[in-house]
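Please keep the sequence and the model in view while reading.

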Amino acid sequence: MHVLKFGGSSLATPERIKIVSKTIQNHLKEDTVVSVFSAFGGVTNDLLLMAEMAAKEDDSYKTLLANNEKRHLDAVKELIPVTSQSAILSKVKNEFNRLETLYEGVFLLNELSDKTKHVISGFGEILSSHIISAYFKSLQIDSLWVDSSELLVCKNLNEKVQVNYEKTNSNLTEYFKNNKAALFIVPGFVAKNDLGVPSTLGRGGSDFTAAIIAGALDVDKVLIYTDVNGMFTANPNLVPQAYPLKDISYEEAMELSHFGAKVLYPPTLQPLLDKNIQIHIKNTFEPENHGTVISKSSKKNFRWVTGITHIDSIKLLNIEGSGMVGIPGFSKRFFEILYQEHINVVLITQASSEHSICIAVKDDEAEKAKEALDEAFEVEISYKKIKPVQIEDNVSIIALVGDRMKSHHGLSGKMFSALGNNNINIRAIAQGSSERNISAVISKNDVVKALNILHEQFFEVPSKELNLFITGVGNVGGKLLDQLKKQESYLLDKLRLKVRVLGLSNSKKMLFNENGIDLEIWKESLDKAEKADKQKFFEKVKELNYRNSIFVDNTASPEISGWYKNYLANSISVVTCNKIACADDFENYQNLQDLAREYGASFLYETNVGAGLPIIDTLQNLVASGDRVRKIQAVLSGSLNFVFNNYDGSQAFYKVVETAMKEGFTEPDPKIDLSGVDVARKILILARESGLQLELEDIERDDFLSQESLNSETNEQFFTLLKEDEEDFKKLYKNAKDKDAELKYVAQLENGKAKVGLQEVDAQHPFANLSGSDNIVLFFTDRYPEQPLIVKGAGAGADVTASGIFADIIRIGKK
């Protein structure tokens, strides 16, 4: 005998019912079939909603009732030939007349009792099974409709079901012994109590009906047909990378279903465990798919973690106080009170100090539990021995489940480390001695993020998803986007990094796409996007709450650099070529470093000095390895180096500066570069990375520009003044040439003091013969006292700066 069950999604339309019919007919070729049916998809929800509407004297329930009646009548007309419709149409109308009478009673009394709710909620299965029974009869299949409510005996208490297996099994064996048919059609969910009063097996109870029948009849397996390919490693609606599990144990299935895996109703396993009856979860619409087999052993599995799941709709209750410590029987009293109130405890955790007990209960039972506990411990509360029960809402439970977890060390650490690194705070932790389940209570807002983090950690090919939010898409930002697009496949194939750009912003517009912005058409998309707003941009990044989020700043804006602290404080990493933050007051610089450490975020700014050159990284490695910096000498301005490499008096100085600006070697305001402020910021950053607490005003600056040029307010005015000072520039060049020297704008740090200025460098110096926009840094340290460690290369330009930012992003990905 084959026992099958079809869920509401499999029966949602007449077309789907026809597909179900073919599956059943295939089973009939092999053996007798007992098929249990849920209500048509969504009907049970409607039935209960209408009951609640009627109880609130909302007569619009009548419209919804009429719609449901039409839906069922239409199904009859589409499935069954006209000549065979009369009896089933009459039956459907009769059932809806009964429903209408029940709703009228609820409406008039303004009351909805549990008994009435049970009666109403079972109509969906009665209706669907009668229609399907009539359909099979119209196909000339030997079928028999079974009134399961006369066979299944249970007791309901606050939506908790207790089956009387002795009576139920006796009823079932007797019925199937005395009745013969090829196909038995059984409404799921419905039952009666010991007194013959209509009852139900709880939401999702059709699975339970099939399992009870299978257990009573001692079959080999139960096939549960639904709309997915079995039980998944995680909820595929929340974790796109989740995949079906082929084989799991009863215990694993029980844990997963209890913790929110909606494919299987948790009590379903009870009647099957002792008899070792397998459950096959199959897809109605892909019956050839293997699905999931639930059996006594999952030895076929070689994974440590079987699945990740979660429970919403819970609240935490916490009771604490010195009056609990060392008092025998306190926990007994605590849980006895909950038992007397018929409140189910989902999770328990207690500190070893006995100072507190924390439990999780369904959110609709939390207030009731608090009232009962506060009343029971009224004396202790009045004497301040314990505090009143505190309720914490907006929380969810996430859980790792797996039979083999107890055989593997470090899973808890891996789980909590992954969550902590992404700023997910854990409110409570529970793990049974079987070590089959590790549960943690977190904020409900973090559930999707947590599930994806853990799935990535335990189930996916070692890879990491980086989610970028980029502001500044001009020269540098545009080049960065080009590089990201070009290297997309390489990053995934070679480095196991999936890099997605989810947000873009310039000074006018901002764009978000949770599925990733198409980098082929980002310009067009950004042009059509909403108005830019720095506050809203940050709030959106925070709201999306994606794992491994990185804010990338490609601007030179002081205002944007002021937002770094907000991102870091929310565990959102920051990568920037904007050197204003690191050259700001030391207190701010240190605060950003502290925030990054405190919240597990990365704060990377390699491109602040030397564009794509590994200058800061080299210095940090020297310091971290215990070396001491004695002196730094450097040419740190690619723009100034370009200018003085190309200026020989034959072409006006301002023309060379204009060329540098067009080539992207200078800031939008070239005065920042030529004034030496930019170089001063860079040597300040290097000084701070060396361990010094300097401020920008501590940097001695030897200006080669006139004071008028330095005070100019616009680029146009600045270039006009450069024209007027041409003779001064020619003189500087001639003096250097006469000494067979070159002009270089040099930064130096020595003995805790830093200075920047134009210097004449002889031909033998390492700074000589620097071409184009090259930078060079000489590190004199305890380990390199005479022959310095030298870092040299292109130090300006959009391409190399973008590549430096790209490298910082990859560095985060490799952490």
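The text below treats a sheet, several salt bridges and a charged surface patch.

The model is predicted, so local features are given only where pLDDT is at least 70 and side-chain atom pairs only at pLDDT 80 or more, whereas totals for chains, interfaces and linings use all residues. Residues are numbered from 1 along each chain as its sequence is written, and side-chain values use heavy atoms, without hydrogens and water.

**The sheet**

Helices (H or I, at least four residues) and strands (E, at least two) are DSSP runs numbered from the N terminus. Two strands are said to pair if DSSP finds at least two bridges between them. An open sheet of seven strands with mixed pairing has the order E22-E21-E20-E19-E23-E24-E25. Strands E22 (530-531) and E25 (603-604) stand at the edges with a single partner strand each, so one side of each has no neighbour in the sheet. Within this order, strand E19 (residues 464-471) pairs with strand E20 (residues 497-505) in the parallel sense over eight bridges. Lysine 464 has leucine 497 in E20 as its bridge partner.

**Salt bridges**

A salt bridge is a side-chain nitrogen of Lys or Arg within 4 Å of a carboxyl oxygen of Asp or Glu. The structure holds 31 of these salt bridges, and the table gives examples.

| Lysine 192 | Glutamate 150 | 2.5 Å |

Lysine 540 and glutamate 543 are three residues apart in helix H19 (residues 534-544), about one turn of the helix. Likewise, arginine 811 and aspartate 808 are three residues apart in helix H31 (residues 798-813).

Buried means under 20% relative accessible area, exposed over 50%, and partly exposed in between (1.4 Å probe, protein chains only). Aspartate 808 is buried at 0%, while arginine 811 is partly exposed at 32%. Glutamate 543 is exposed at 57%.

**A negative patch**

Asp584, Asp585, Glu587, Glu697 and Asp698 form a negative surface patch. In such a patch, residues with over 30% relative accessible area and no salt bridge are joined when like charges lie within 9 Å; Asp and Glu count as negative. Aspartate 584 is in the loop between strand E24 (573-576) and helix H22 (586-598), and is partly exposed at 33% relative accessible area.

Technical notes:
Patches are made of residues with over 30% relative accessible area and no salt bridge: like charges are joined within 9 Å, nonpolar side chains (Val, Leu, Ile, Met, Phe, Trp, Tyr) within 5 Å. Accessible areas come from the Shrake-Rupley method with a 1.4 Å probe; for residues, only the protein chains shown count as cover. The place of a charge is taken as NZ of Lys, CZ of Arg, CG of Asp or CD of Glu.
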